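Hi,

Here is the model we talked about handing over. Have a look at it first, and then read on for my notes.

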Amino acid sequence: MSTAKGETKKVPTYCFQCVSGPDLIKVEVEDGIATRIEPNLNICGQHPGKGTPCVKAYGLVQKTYNPNRISQPMKRTNPKKGRDEDPGFVPISWDEALDAVADKLVKIREMGLKDNSGYPRLAASFGGGGTPTRFMGSFPALLAAWGPADLGFGAGQGVKCYHSEHLYGELWQRAFTLAVDSPYCEYVINCGNNVDASGGATGVRRGAEARRRGLKRVMVEPHLSVTGAMSAEWVPIKPKTDAAFLFAVIHRIIKERGWRETCDVRFLKEDTTSPYLVGPNGYYLREPDTEKPLIWDLADGRAKPFDTAIEDPALDGSYSAAGLELGADDEVWRHDGVEVKPAFQMLLDHIDQYNPEWAEAECDVPAETIRRVGDEFVAHARVGDTIEIEGEILPLRPVGVMLGKSVNNGPGGYHAVWARTLLSVLVGAIEVPGSNLGTKVRLNRPANNKHLSAVSSRDGIMDFPFNDTSKEGWASQPRIRNGYNTLVPLSSSSPWAPALGPAHLPWLFQKEAPDNWPRPTLPDIWFCYRTNPAISSWNGPEVAERIAEFPFTVAFAYTQDETNYMADIVLPEATDLESLQLSRIGGTGSGEQFWKHQGWMIRQPAVEPTVDAMDMTDIATEICKRAGILGPYNMAINKGAAGMKLVSNKFDYGLEGDVAYDRDEIWDRVAKAASHDLSDGEEIHGIDWFKEHGYMLREFAQREWYLYPYLKERGIRFELPYQERIKRHGIQLANRLHEVGVEWWDKQLKDYDPLPKYESFPDIWTDFVREKGQDPEDFPFWALTARSMQYAWGANVGIPLIYEVAENVAGHSGIVMNMQSAKDLGIGQGDPVVITSATGVTRGNAVLRQGIRPDTVLMIGQFDHWATPFAKDLNLPSLNSVTDISLSLTDGTGSGSDIVRVKIEIDTEARSAAS
Amino acid sequence: MTAPITARYGMVIDLNSCVGCQTCTIACKHANDTPPGVQWRKVIDVELGQYPNVERLFLVTGCQHCAAPPCVPVCPTGATKQRPDGLVTMNYDTCIGCGYCAVACPYQARTIVHEQNWYYGIPTAQETQVAHDDRIGVANKCTFCVERIDSGLANGLTPGLDPDATPACAISCIATAIHFGDFADPGSDVSQLAADGRAFQMHEELGTDPQIKYLYGLPGSTPGRDRTADDVDEAALQDPGNPLVGQRQSFWDMRAAMNFTLGGMGAGLVIMAWLAHVTGALPQTGLLILNVIAGGAMAVGLFCVFLEIARKARFLNVLLRPQTSWMTRETYAVAVFYPALLADLIWPSEALHLIVALAAAAFLYCQARILPAAKGIPAWRAPLMPWMLLATGLLEGAGLLAIAADMLPGAREAAVLAAGAGGVLAVINALLWRNYMAEAKTSGVGPLARAALQDLSHGLRIVGHALPVLGFALFLSLFFEYPFVAAIAGLGAIIGGAWWKITVITIASHQQGFALSKVPQRGSGTRAAPARMGTAA
């Protein structure tokens, strides 16, 4: 679609720089030059964001013409690597560059795909959220053709994502991430989920529509974020105490108000595991023959298997019953008559200690506020109401609870996610119109249909692909260096699992090997694409040092950055507006991507590359050709590695054997297969049709947004409140690890609690200061971070236009401090300050605001660049420079949290330099 | 294409929808190819109140396409006009870049870029492709995407309904916070949204009738509230980091101030000298010498202004708007003054003396009206400002006359007149200044500008007011024996006049900040929306 001199065209394509995409756009091209971006309003009627892209998409033009782009392939001439070592990059031809990579791959294949520690010799890291796959063309087929690869070197995963939500969300409601059903929702308790900055164009639009309709959102967070600003109420809470707040809201609802008055009792009895009886050892009491969990029927005073006719299931009380408990490993207890309680009674007992006054002391939120929020939540839950969706009557429960990053990951994440899901369950507000909804699945399969993955376990709950912790099945040998399959049963084994394990552990272990664990090794080759862990990981400076130790790094690069500074080969890829790809669109997805359509869209070259860059698809094909794996590569594409399988029982657009196809041919076949599949063969389009039209859609039923009707059809219950499986896996995992002498994961094992007990989570970070031999009194502030819509995921910090407009949003020019706290320290607006933690230091200018707790400071985004052109001169601080990677700060799911204790002082050096 | 005369295009912006994402800002930059740092559509990030009672909101700003636009009448060239459909337009080919419209705008909507800058420091292919040389050195502002509106109308589309006839910011807004349409059509979306007092206009009290109207409530759930005194207190207005606070204007610098200083004192001298002459205190020769000196001072001042305008080759365009612009009128006064002065030197006559004096008076009067018409600068638009400029000009003239009288033959009596008039004028100046300072806060001058005025005030009272009053009085009471006393008093008057004018024009010249008379009801503590136990409307 490139244009010649004198022509003006508008080229349809997409922006998928963040997980809340896609945003469909048109690129105006004059005389072959991309001049402007505008919304693609052709899709206004189908796109839930009405075809409007967010601010980031408009940076793509400057990205294309950035004079700082790497303009040709380069190789490193300085064998020493490090921040202080000039890489000595020199230009080389594409042939030389591709041969160098292919030669390396051939040599590695000769040595064997795994090293002596059993780890893959090839590693690759991609930016977060899966967005790089929307740009990397057929590169996934290269990985598939290759064989075992270590995709578990994190760039911030775990600490920067909704980690506990990912894992427990998929366990409990097939929700890799959650959204509220904005078109129907009326009331939201939001603990720090910055959706108006992170939800993309669609999330913002639906949120604004909901507010205009009357939705009330109460924002509970330490600083007044963009989303807090747009909420009816901001409740300033002490950092990391959100679980205490939510526990007390639950207490208000089920204890003070009384669950019979406030809860959806029918739902609890029929559609959750609340009535399952729990034995004295903490496991479900089961019928001895079938091993089915039992429920006490009040109608006739007997315990019955959960899936039999039960007239009146007991939710509270204690009963004497017979049955067996299946514990961890092979533990079995048989009871003839033993006191048992319904899981819900266990909850009532458990939550008794967490009253609003207790929470007030813990989280600095008045007890009356907690009570009122609980009452509002119940009032808006509209228990008993229904709504008609596409002719079907469904429950209407227009209340939601959202959790933000740093709330739902790291220590305390499990507690917060459990409490959130429980709140939803109490009033039946889960996976029904108006309530919390899962967006998509990443751990369960199939990946493109969350409903099909919801099959019943023998206990009548959703089955889940836990990594085995049994004696026979446990993987004592980690598949990759982060050990997800060994350490984190919940991370499962899907293609996404490596990134959802403890993705920071490889960096940590590379520095200091843990006991009784395969020797940490360096990957023989590391590919990095659209990722910059040297900046984006917690403790970026430390990670940069580890990256410098890698022997052979291949970086697909757009400009110089802090990670590709350590590369051996730098390959400039054709960027967003210069390359070709077809991608799925529609259905349900991250942010608030809830469509009534689904289909395919194109990203296409609006202009020719402005530098000597290659399309990722051509790069992948060329490397495979030169490395002798073209056959498996083509086979992988045929199987769907480029997003759509080319061969099925209805069509065959497959690639042949060892033929090297060019980019357009590969995507033409993908286009035909995709359109064939979408239209059942009615409407088959090649890539040229997509280039002209931009996208192809078919209808997607709104019913698909909601999981509850499917569970109901299949007789599956939500597994709440009691976590029997978690308890069993925890004990088994502890046994396995201790059997092989691993004791450094013991702290994490505490999370495997069937009813999570609150501990004072903030203390973990103050204790960490002590662990580092320093006095917590010296570090009086909580330092946090927050999402920048303008920058997040975009790798666009080197684009001046984005910088210019981001400056309009407070906090983008430095570190946000409470006005009074700053005054007490003699710090004025714009003063240069030094931010010091027990392990790191960063610098920036003070941004004084009222909307932040006096004990908290905030550094938006991820900056502190030292190599990226333009960005390195911005003098912006970064939380990543003052956090530390540590097992002490890692939870059972293998995640951490973006929080650290710091002190703030005037930067006298900078001030005197300025004056 | 001329729009229907019945239309009145404008916007409604919903403060409960806008999340401050800057998509409109950047979409505008794309649609209008604005250069680095120029944002015709800007969204500022506002805080109200103090922790723990805080509200944060995002305020969409830009040209308000006022129904009574203060930028249009001041423009000396006619480059800024208002169309029948309400759009306030810019003609880049006529504008001289004098910046008068920019200081007249109370919404910080206008910019002048003096040289082409590039985002990466060097031109890229894309920036070169979309660069607009005609916009360098002239006033720029939001056009409501007039080209889109006009081409849309030409194609039968309806602005506000059809995207192709609607400003880029409105169609790109991801929150549906920006609505565009025709307020003259009671059935339009914007008219409906803003009906029944649901919207407020910014700075309504200035009489500009801006055509951006802000929605602050959520009908059916949260009504919104009136602004309270502690939403934006004095401390907040002293914070230069607060986006509500107007920054010091940069359009008129020392060059403009020199015109007010030298022009004022020159014109004052011509008037005072003429008064001395007609009362017999100054011979014709002395009058002509003083008029030449005054004319020289005024010429230097005018040359400074010439240096200030960005498009110098077009300076004659300044004559194009005598109907409304005091700047044009000032030029006409100049156009009479200098030929009359020249003629008077060649053919001296009482009639020409009078014409020269009247032209100087007209010049001084025009100057006195120029500054207050700049509605965008609270310190300038104060009601007393024309009187202060007139009184100071005359006082400076008296001061100069007092200095000159001793040096000119046969002009000693002029010193007596100068001292008498100067003493009275110094008292008037002192009273005017006292009242100006007393009224500064209530007339909208913010604390930063007030502090600058305060810094000046003490010295001004001594040098510019007390010294002339006492000096002239002493000179008179000593029976005119010591002319140097009058000269010192005169010097004080001149220094005082120049001092305050330079200060007011270049230092205490903060732009009108942004303000909201109504605000959404949300935030923490006392600002939170009320508890709601029922279901939504």
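Below is what turned up at the interfaces, going from the chain pair to the domains and then to the aromatic rings.

Some housekeeping first. This is a predicted model, where local features need pLDDT of at least 70 and side-chain atom pairs count only at pLDDT 80 or more, while totals for chains, interfaces and linings use all residues. Residues are numbered from 1 along each chain as its sequence is written, chains are lettered from A and ligands numbered from 1 in the order in which they are written, and side-chain values use heavy atoms, with hydrogens and water left out.

**Chain B against chain A**

Chain B puts 67 residues into the contact and chain A puts in 71 (contact means heavy atoms within 4.5 Å). Together the two chains bury about 5,500 Å², with 58% of that on carbon and sulfur atoms; buried area here is the accessible area (1.4 Å probe) that two parts lose on being put together, summed over both. On the chain B side, the residues that lose the most area to chain A are His30(B), Tyr51(B) and Tyr120(B), which together make up 15% of what that side buries.

As for charges, there are 4 salt bridges between chain B and chain A (a side-chain nitrogen of Lys or Arg within 4 Å of a carboxyl oxygen of Asp or Glu). A salt bridge joins Asp33(B) to Arg36(A), at 2.8 Å from N to O.

Which elements of chain B supply at least two residues each to the side that touches chain A? They are α1 (23-32), β2 (42-50), β3 (53-61), α4 (125-130) and α6 (168-172). Helices (H or I, at least four residues) and strands (E, at least two) are DSSP runs, numbered from the N terminus. The largest share, 8 residues, comes from β2(B). By class, that side of chain B has 33 nonpolar, 23 polar and 11 charged residues. For the classes, Ala, Val, Leu, Ile, Met, Phe, Trp, Tyr, Cys and Pro count as nonpolar, Asp, Glu, Lys and Arg as charged, and the others, Gly among them, as polar.

**Inside chain B**

Chain B splits into domain 1 (9-247) and domain 2 (254-506), with bounds from an automatic or database domain assignment. Their centres, taken over C-alpha atoms, are 38 Å apart. Domain 1 of chain B brings 32 residues to the contact and domain 2 of chain B brings 29. The two bury about 2,200 Å² between them, 59% of it on carbon and sulfur atoms. In domain 1 of chain B, Pro76(B), Ile96(B) and Tyr100(B) lose the most area to domain 2, together 27% of what that side buries.

There is 1 salt bridge between these domains of chain B. Arg450(B) and Glu234(B) form a salt bridge, with their closest N and O atoms 2.6 Å apart.

**Inside chain A**

Chain A is assigned domain 1 (74-161 + 462-572) and domain 2 (760-914). The C-alpha centres of these two domains of chain A are separated by 27 Å. Here 31 residues of domain 1 of chain A are in contact with 27 residues of domain 2 of chain A. This pair buries about 2,400 Å², 61% of it on carbon and sulfur atoms. Ile535(A), Trp538(A) and Glu562(A) lose the most area on the domain 1 side of chain A, together 26% of what that side buries.

Across this interface in chain A there is 1 salt bridge. Asp898(A) forms a salt bridge with Lys160(A), the closest N and O atoms being 2.9 Å apart. The count of residue pairs in polar contact between the two domains of chain A is 12, both residues at pLDDT 80 or more.

**Aromatic rings**

Over all chains, the structure holds 58 aromatic pairs. Rings of Phe, Tyr and Trp (its six-membered ring) pair if their centres lie within 6.5 Å; planes under 30 degrees apart count as stacked, over 60 as edge-to-face and the rest as tilted. Phe153(A) and Phe550(A) have ring centres 5.3 Å apart and planes at 75 degrees, so the pair is edge-to-face. The pair links distant parts of the chain, 397 residues apart.

Cheers

Definitions and conventions: Polar contact = N/O pair within 3.5 Å; in protein donor to acceptor, adjacent residues only side chain to side chain.
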